[in-house]
Amino acid sequence: MKKQITIFLIIATLLISLFTMTGCSNKNENQNDKNEIKETNNVANKIENLDNKTEGVEEKDTTKPIDKTPIDINDSKSYFFVVKGKKYYAGDKISEITSSGFTFNKTGSEKEIPANGYLIGGGSVQNSDKRTVFNITPYNNTNAKIKGAEASIGGFSVDNYGYKYLSGDVEIFGGITIGTAMEDVKTVFGEPSKTTEGTSSNGPTYTYEAKASYRYFIIGFDKDGKVSSIKWQNFNFDNK
């Protein structure tokens, strides 16, 4: 009889221990579930708070605003370009560009230009990576034959390709640059003297002619109405 009671007590003790262990396990699992739910709610609350903070906040436009001062197309001082923060006017020496870290191509540098003449082609300017970033028109306003490297700046042009390798750091009068909207160009330059209609892949081209000969701007647009090319020429820089 005592033996049976002892066996019964042992079985009872084992059952109680098993029940206790199971209860602890369930309790721990329930606690873990509660912790996971709490953490999830915390993350959700953080996201909601962030959304509330950013709601109604406008994204900043990093595009440099243009100077809306109307251009005087007949003023020689309107014919300049700014690259890497330095301004170059029509009539400045090409050597001023090469002293700023750019290289005037060898063909243009060594080509002889007659008195009061200019160089057609060969006016590419390269950066330190030997990539063409813009073009100039070498002009000889002297009475003697000179080499291209000794000439003056008689014209300037840049397009999407050069703009990319200049990291966008190039502009003309009014801050107009590659990517400027057509309406902003009209704000500064007004209505063009002549318009060349666009094609299926390109927008129109605006020409702005001054009263003096060999003095003009040509601005091309892409199909979205953004500036895709810029060119100006001014051989009459001695006449203000």
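User: Which residues does G162 touch, not counting residues up to four places away in sequence?

Analyst: This is a predicted model, in which local features need pLDDT of at least 70 and side-chain atom pairs count only at pLDDT 80 or more, while totals for chains, interfaces and linings use all residues. Residues are numbered from 1 along each chain as its sequence is written, and side-chain values use heavy atoms, with hydrogens and water left out. Contact means heavy atoms within 4.5 Å. On that basis, G162 touches T132 and V133, not counting residues up to four places away in sequence.

User: Where is G162 found, and is G162 buried or exposed?

Analyst: G162 is found in helix α4, residues 160-165; helices (H or I, at least four residues) and strands (E, at least two) are DSSP runs, numbered from the N terminus. Buried means under 20% relative accessible area, exposed over 50%, and partly exposed in between (1.4 Å probe, protein chains only). With a relative accessible area of 1%, G162 is buried.

User: How should I read strand pairing, and which strands does β8 pair with?

Analyst: In a regular strand the side chains alternate between the two faces of the sheet. Two strands pair if DSSP finds at least two bridges between them. Here β8 runs antiparallel to β6, joined by four bridges, and antiparallel to β13, joined by five bridges. I136 stands opposite F156 in β8, and D159 stands opposite S229 in β13. Six of the eight residues of β8 are buried, so β8 is largely enclosed by the rest of the structure.

User: In what order do the strands of the three-stranded open sheet lie?

Analyst: The order is β2-β1-β9, with antiparallel pairing. The edge strands, β2 (86-89) and β9 (170-171), each pair on one side only. Four bridges link β1 and β2, and K86 in β2 is the bridge partner of V83.

User: How is a pocket read, and which residues lie nearest the centre of the second largest pocket?

Analyst: Rolling a probe the size of a water molecule over the atoms shows where empty space is left. On a 1 Å grid over the protein atoms alone, a pocket is an open set of points where a 1.4 Å probe fits, with protein on both sides within 12 Å along at least five of seven lines; lining residues have an atom within 4 Å of a point. The second largest pocket is lined by 13 residues, of which L119, G121, I136, T137 and K231 lie nearest its centre. The elements giving two or more residues to this lining are β6 (132-139), β8 (152-159) and β13 (227-234).
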